[in-house]
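Hello,

Here is the structure for you to look through. My notes on the chain interfaces follow below it.

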Amino acid sequence: MFSAELSSESPFLCSATEVGVHVLDRTITRVAVIDDVAEARAAMGWAVVDAGMEALPAEGPLNDIGSAAVDRLLSSVDAVVCDHHLAYGDYAAFSGAELVAFCYSRGLPAILSTQWEKAEIEMIRTHRAHIPVLVNPSFIAEPDHLIRALLSCVQELSGAYASSRRPWRTLVRVVDVRPSSGVVVEVPAWQGDEMIYLPTEAVPPYVGEAEVDRRFHARVNIGAARSEELFFLDWEDA
Amino acid sequence: MTVVDVGHGSATVIVTDDGVVIVDTGPGSALLEYLTSQQLTTIHTVILSHADADHIRGLVGLLGARTVDVQEVVVNADSMQGSTTWRDLVYELDALERRAKDGGAPFTFTVGITTGYRHALGSSIELLALGPRQRLAALGVGNRDATGQEIRSNSISAVIAVDVNGSRVALLGGDLDDVGLAHLLDDASARPLRAPFLVYPHHGGHSSHRSNGADTEVFARTLAEVVEPEVAIFSTSRPPAGNIRAETVRGLLASMPRCRVVCTQLSTLCAAAVPTTAPAYLSDAYSHGRDNHTCCAGTVRLILSSGTLAPSAADHWRFIEAAAPTALCRVHRPGSAA
Amino acid sequence: MTADHIRFAPDILRRLGEELNPAIDQGMLELVKNAYDADAHACTIELLDVNKPGGAITIRDDGDGMTRAQLRNGWLVVGSSQKTAMKRTALGRVPAGTKGLGRLAALRLGLLADCITRPRSQPSRQYSLTIDWSKFANVSVVEDVTLSVVSSTRKANANHGTEVRLRGLRRSISRDEILSLARALVLLADPFDEDPAAFVPRLLVPEFADLEATVSNRFFSEAEYHLIATVDGSGHSAAKVLDHRGGILYQTKALSAAEYQCPSAQFDLWTFKRTGARFMTRNANPSDVKSWINSFGGVHVYVDGLRVQPYGNRGDDWLQLNLRRVRSPEERPSTNNSIGRVAVQDIRGDLAQKTDRSGFIETRAFLELRRFGEDALDWMSRERLKTVERDRSLQRTHAVSQSTRAAGQLEKAIAAVPRAPAELGRAFRRLERARRQEERRLLREVQLYRTLSTAGITAATFAHETDRTTLKVMEMAIIAVERRAKRYVEDYATHLEEPITSLRNSLDSLARLSGLTLRLLERDKRDIIRVDVHDVIRRLSADFAPLFERRGATYELELFGGDPYLRTSQAAVESILANLLTNSLNALRRRRQSPRRVLVRTAVMMPLTLTVTVADNGPGIIGLSAEEIWLPGQSTEAGGTGFGLTIVRDTVHDLGGEASVIEHGVLGGAEFRVTIPVLGN
């Protein structure tokens, strides 16, 4: 019943069946919805159902990321939609970013949602290389946006990186050092001129302690359109 | 010769059996993506038409990635010397030099392109700088020329002609502005500007630092009169970043009513809504707007020997008719019903 | 009839070698581990002309060497291993080498590989063998290349051991790669242990000597704290923290109620005290300690005495020291100020390494080992925090009693002065009264600060629950309602479109407002950095825009055309402007006529002095003098704290500037003017 809506978006890549959505070579039928607030799980579930899939709101507590509860949950679904904040209620001992990165290592499509608080973006950036899609929850409350987000995940998991996600070795310059908290860097090759704040624990010690104007190389997805998409891998000590 | 859809910015890649030359490098990873998609790993020469921070950034990215070997870098003018971005570039050039010493490919770096600069690619293709003149470049950014006009970095943007077997095929306009154009016109008797293919300066945006629509239209009309292009290629991106202007297209078509207009991306001025699909004629070569459906022509390929351009006029026109209800190239064509 | 076999094209050698093990140091480490497995004590790696292609590498050890059969059935067989984890060597070492793929990659670094070996068991024999890789290019299967092991008589002084020579290197080895190899070798056999019989690999390059000298520095005695946590074979844990003299500070008999299902292990972590970039040391040179920690910081893992990468490598923070530090920055070690190792005795072989040598497979045993390490860190930080808190409250009590004691002493001294004028006693009592008054005022001010801070902390802590989550659910719900209503309800446009649109719009503006408190509290806003004043003003103005809209006031922003900056925190500049804007919005509640206006203007009156003016068209200052308005607790607004302007004044003073007010300024209402020195425009 939803196929008309979906096919207008991406006629060849996605289509809906009775229950489940074909995305590339996969059929996504069951989607785990992970959030520490029951109402939020339900609300996200409506979008999942309206998109033609089955929503599995994950009841807590999920304990730590290596727990049997998490393993059971992830083994029983084809995709995951997860909020970044999970640790407030007695729900999970990990953040959504950690879980989505974990799903990535298991080859499971997972979408992370957050309400774009600056501090969150900085924490998420540490895992961002393994988070293909980061969206505002109300964005994926629209079924066709949700499907498109899943498509992006599946494409990346199958090795087709969007240009905004492909890391390239590139120059990174330190523009400010904030004692005990982190460094502010600029990526000259990236199209934006925003400075990026990186907390100390997200960079190697020699970067965290570098003086202003020191230059390093790291692999950065310089094709990204917005600063919150940037991630930094494989720093090289100059 | 390929004008790569790099989003906001420009990059032109010329591939021959005798080597690869790139003029301007766009921002971000677009050029790197393109080179990867075409499996081009050795670049003989990279030319920057001018040294604005934005252009240096692209080159810093190209050199840092190390996915391609760059053997020669030629940067026009040194107006950015002393800036942090310039030092970023020097840092990468140093690294390249160290690698060359360590047994890597040799490479050279030159600052300054002025009228008369030549770069031959094999026996048939030659790149030739028509501007800036030495004395304009020597005055440099921040000074005023003999007529009292302020020289900006766009004023001394290099304008490069592409000649095949001695006949002019294309003109790469860089970011040329009205001050720079005045100097080119001054020289036009010695160095004619006429070319069938024009890669339009400054992405079709404002052509004067006064950001004045009337000036921009006059510039377009004047430029089209002397170049007489059959095809004008605009490396422009969809806003907010993009900047092709209605005045530009109006001026161009006023002088050359039959000139074909080819834009890499689809401006919001041409279509308020993004089309539901990308145009079918996009090739395997990378186009920055492909995934977001913001391509118009996408990456544009011109076969220099035959003058064949892809996408073809018919395919491209069909897409414009379907997807761009307010297309500038249609609305502003003299005699158009709109 | 001959039997058929699967045979391999020579290309498989490249695939199994270079492609599986791209990094030079991994391959070299495999060769060194072979020496370890052969019970060698010394192993040297010599590099010759490696800065360009064609160079050579020699790896020489004093181990058991190989017999012809061992050479043929072990060394030359790719992918099998004669070693089993359970069987130890004569020296009691647990064999460390693996399937030989890393070794294959290393052997293929050059065009030629030689192996000369002198077995311990045959004192007069020497076997040698040369592999010429180019020969593999011209054959169709690997087995077609024949290799011959040459047996010869050993020279009299030649000791047992093996020498592997890689000649005609295919590519140059960069300085970075050499450094990385040197670091890996230094760390390979636990350098934190002092075992004379230990295995000592050496790289014969100057960089190695430097690194080795650095590691042998052993600044452990400079550590502020030394954490020792142990877990035994049955999963019982214990931990203690020692001070720099070895005295026990804290101790526990169990880190966790649940037993750890991991092999027995000891976790040592030395944490050093530093302020900013400088280490606080007792004897050593702080910069030596810094470079030592820079080179070897992090928590390294040793299984049966041999290091497992990448744990503790630069950039690897497997126990998430740094992340933990962010969650509670106080009293936490980070990879920048600590060095550690986890030494595991894996008797049962529970920890399995990945084929590509990039660490352990994340089995239960490994996850449990990690949990053990993390629990130990958490325990230590909890104990340390408790101490810090105790110290703090002690200091407070101490300060008060000190002042009372001093007053008592002064009174006694006055009494003791013979024939002291009565005036002196009276003056003292006046002073004492004033001091008490000041103290009470300060206490009230402190209480107000605490109340406001509590409100702020509560708002910030529960912002996620109170507005973010609630808003999120409401937004998602209304989107679902709209979608389903359009689909299932006839006459949607007539009956539902308007109320649903109104709900969506209200939610939008609520969403914009809800972030304001949290944005003011962002952690890095309190860092002292270069602050662009116009930037902060613009951003804060955007945050306040919906508030102005709600209050029906127009907001006019006039910034002069420069970019004034100074070195302070963003929070300081925000505090000034936010309080002035709040003040104006409050005052405008008492204006009866439209329009309500607030003007913010910046200007440079004198060089390097910025003036920020905030003016409104409210009633101006009435009921308080222009002086009193700055005092804490003075407010004419219902519900006002009387504190905002005090904060403005204090912050401006801290910045070396002046704050003043005109009762009726440019717009008729109050006009506040703040002047602060800046570093540039």
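Buried area is the accessible area (1.4 Å probe) that two parts lose on being put together, summed over both. The size of an interface is often given this way. This is a predicted model, so to speak of it: local features need pLDDT of at least 70, side-chain atom pairs count only at pLDDT 80 or more, and totals for chains, interfaces and linings use all residues. Side-chain values use heavy atoms, without hydrogens and water, residues are numbered from 1 along each chain as its sequence is written, and chains are lettered from A and ligands numbered from 1 in the order in which they are written.

**Chains A and B**

Chain A and chain B bury about 2000 Å² between them. Carbon and sulfur atoms hold 49% of that. On the chain A side, A:W168, A:R169 and A:R215 lose the most area to chain B. Together they make up 33% of what that side buries. Counting contact as heavy atoms within 4.5 Å, 24 residues come from chain A and 22 residues from chain B.

Five salt bridges cross this interface. The rule asks for a side-chain nitrogen of Lys or Arg within 4 Å of a carboxyl oxygen of Asp or Glu. One salt bridge joins A:R215 and B:D88, at 2.6 Å from N to O.

Three elements of chain A each supply at least two residues to the side that touches chain B: helix 1 (3-9), strand 9 (168-178) and strand 12 (215-220). Strand 9 gives the most, with five residues. Helices (H or I, at least four residues) and strands (E, at least two) are DSSP runs, numbered from the N terminus.

**Chains C and A**

Here 38 residues of chain C are in contact with 40 residues of chain A. The two chains bury about 3600 Å² between them, 50% of it on carbon and sulfur atoms. Four salt bridges are found across this interface. C:K472 pairs with A:D83 in a salt bridge, with the closest N and O atoms 3.1 Å apart.

Which helix of chain C gives the most to the side that touches chain A? Helix 11 does, with 15 residues. By class, that side of chain C has 11 nonpolar, 10 polar and 17 charged residues. Ala, Val, Leu, Ile, Met, Phe, Trp, Tyr, Cys and Pro count as nonpolar, Asp, Glu, Lys and Arg as charged, and the others, Gly among them, as polar.

Best wishes
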